[in-house]
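The sequence and model come before the details.

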Amino acid sequence: MAITNQQVAERTFLRQLYADSYYPDHVVDRGRAVLLRLCERIEAEQPSDLASLYALTHAATEEFNSLEDDFEAAGSQIETVAREEIAEDFWFVASAYGFPEADVEELIAPREW
């Protein structure tokens, strides 16, 4: 499914991670795919309230949790810079889809990173 939200379609997700060689591109690519799948789900399911949005972002956060082992296997980890970048992209997605009041900590509440 192609992303129809123009803001999202033009966004380079995880830009700071791609710019830093500490984060292996092949693992960052998987994180980017998580964010794109989240956008596709939001467009398909069209959550009408924050609770519905949070259910979608929590599922995506769980996917990021599973990437921690991939980062570690590649000699990296989801640390402060990565956490901030991921959280910012989650908030961007929420805002782009009409939820600028979303709480960034709640968007990624089940995170283990």
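Lys and Arg count here as positive and Asp and Glu as negative, with His and the chain ends not counted; a charge is placed at NZ of Lys, CZ of Arg, CG of Asp or CD of Glu. On that basis the chain carries 8 positive and 24 negative side chains, and the centres of the two sets are 4 Å apart.

The model is predicted: local features need pLDDT of at least 70, side-chain atom pairs count only at pLDDT 80 or more, and totals for chains, interfaces and linings use all residues. Residues are numbered from 1 along each chain as its sequence is written, and side-chain values use heavy atoms, with hydrogens and water left out.

**Overall fold**

Six helices and zero strands make up the elements of the chain, where helices (H or I, at least four residues) and strands (E, at least two) are DSSP runs numbered from the N terminus. The order from the N terminus is α-α-α-α-α-α. The radius of gyration is 13 Å, close to the 13 Å of the globule rule for 113 residues, so the chain is as compact as a globular protein of that length; the radius is taken over C-alpha atoms, and the rule is 2.2 Å times the number of residues to the power 0.38.

Further values for the chain are tabulated below.

| Property | Value |
|---|---|
| Span of the C-alpha trace along its principal axes | about 40 × 25 × 20 Å |
| Residues that count as buried (under 20% relative accessible area, 1.4 Å probe, protein chains only) | 41% of 113 residues |

Contact means heavy atoms within 4.5 Å. Of the contacts between residues at least 6 apart in sequence, 72% join residues at least 24 apart.

**Aromatic pairs**

Rings of Phe, Tyr and Trp (its six-membered ring) pair if their centres lie within 6.5 Å; planes under 30 degrees apart count as stacked, over 60 as edge-to-face and the rest as tilted. Tyr 23 lies in the loop between α2 (15–18) and α3 (25–45) and Phe 71 in helix α4 (residues 50–73), so the pair ties together parts 48 residues apart in sequence. Both Tyr 23 and Phe 71 are buried. Together with Tyr 22, they form one aromatic cluster.

**The N-terminal segment**

Ile 3 sits in the segment before α1 (6–10). Leaving aside residues up to four places away in sequence, Ile 3 touches Val 8, Ala 9, Leu 36, Cys 39, Glu 40, Glu 43 and Tyr 97. From Ile 3 to Arg 41 the C-alpha distance is 9.9 Å, across 38 residues of sequence.

Notes
Buried means under 20% relative accessible area, exposed over 50%, partly exposed in between (1.4 Å probe, protein chains only).
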